[in-house]
Amino acid sequence: EKGAYDFFMLKEIDEQPAVIRGLQQTYIAQDGSIKVDKKLMDAMDKADRLYIVAAGTSYNAGLVGKNIFEKIAGIPTEVHIASEFGYNMPLLSEKPLFIFLTQSGETADSREVLAKVNELGYESLTITNVPNSTLSREATYTMLLNAGPEIAVASTKAYTAQIAAETILAKGLGMIKGTKQATEFDTGFELTKAANAIQSLVDQKDIVEDLAKKYLETTRNAFYIGRGIDYQTAIEAALKLKEVSYVQTEGFASGELKHGTISLIEDKTPVIAIITDQKTASLTRSNEQEVISRGANVINIVSENLATDGDQIVLPEVHQLLTPLAAIIPAQLLAYYTSKERGYDVDKPRNLAKSVTVE
Ligand code: M6R
């Protein structure tokens, strides 16, 4: 039920802090240890490499997950677009473990890869929001997101839930492996901090709504830029905006702009920079100057400690690995308000279905 909301998308954006807290309750014990099927943890421990396979927003959650698995659990991780996997099958390691990320559990492209993985006799985990879905039934293991039904075609709470689930698994695996990073990473504390940050961002919707009206209501195109982890958020942010508002939007690695894309910048082209990492902030800031001098309108989605002035949405501090959980929220809201202002059916963008059951 939508209740007081005009659209499910906004309701689902607002539900994100509760979804993350729910995952913590389900999968993190009082003493901070991870409560996940022991057989699954053993299978992950035996693996020498993780292969994350997914489509769309779930693929983008996989890009963020790669970083988390590698940094916390120290396990090499590859991320693959499901529909490409069959044609471009990577050279597999000796002991691969496959992780399927899928909100619906029904995506045909991912099902096709799982069928192949089963044929080859490898173990797999499906992380999904839908119990008993096809991908859940056909994989060796399942981890449920318990995010509640996601009705809007644009995925929001499933994305952040998938990142939280990957974080929990990475911590569990890292503890088994005894990595220093896992020992030092307090999952409960960090996820609580991220959930609180999301809460404070959804409580400041007005700022985002004003920016959407000011810069995105009539534009034909837009760009998200970022470096490293912020680039991964930029890719998902761009998908959200283009999907629901039909503004042609691309997510770019800031440093790549000057290698071609900057030729697209015109007077008033919106460029939204995501800046959460101290190490790359000044580089992205100079990329901003390059587009400003070509007439772009720049908005920053920026961590508290890196904020300056100008049009910006300031993110409360969260653990560096989890910044995508906070940084995506203003981007989801920008997409929502742009679509709504333009008078579209936000929950049902043209040409799209909630679950894509054809290849
Ligand atoms: O159900 P899945 O997570 O497997 O769906 C994958 C994509 O179809 C889905 O994320 C799609 O990209 C969304 N509409 C994005 O908001």
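**Aromatic pairs in a predicted model**

Guide: In this predicted model, a cluster is formed by Tyr-51, Phe-85, Phe-98 and Tyr-122, linked through ring pairs. A search of the whole structure gives seven aromatic pairs.

Visitor: Why is the pair of Phe-223 and Phe-252 called tilted?

Guide: The ring centres of Phe-223 and Phe-252 are 6.1 Å apart, within the 6.5 Å limit for a pair.

Visitor: How do you know whether Phe-223 is buried or exposed?

Guide: The relative accessible area of Phe-223 is 3%; buried means under 20%, so Phe-223 is buried. Phe-252 has 21%, which falls between 20% and 50%, and therefore counts as partly exposed.

Visitor: What makes Tyr-246 and Tyr-344 an aromatic pair?

Guide: Their centres are 4.5 Å apart, and the limit is 6.5 Å. With 45 degrees between the planes, this pair is tilted. Tyr-246 lies in the loop between α12 (229-245) and β7, and Tyr-344 in the segment after α14 (323-341), so the pair ties together parts 98 residues apart in sequence.

Visitor: Why is Tyr-246 called partly exposed?

Guide: Its relative accessible area is 22%, between the cut-offs of 20% and 50%, so Tyr-246 is partly exposed. Tyr-344, at 27%, is partly exposed.

Visitor: What sits over the ring of Tyr-246?

Guide: The charged end of Arg-350 does, 3.8 Å from the ring centre.

Notes
Residues numbered from 1 in each chain as written. Predicted model: local features only at pLDDT ≥ 70, side-chain atom pairs only at ≥ 80, totals over all residues. Heavy atoms only, no water. Phe/Tyr/Trp six-rings, centres within 6.5 Å; stacked < 30°, edge-to-face > 60°. Buried < 20%, exposed > 50% of the residue type's maximum accessible area, 1.4 Å probe, protein only. Helix = DSSP H or I, 4+ residues; strand = E, 2+ residues; numbered from the N terminus. Lys NZ or Arg CZ within 6 Å of the ring centre and 35° of its normal.
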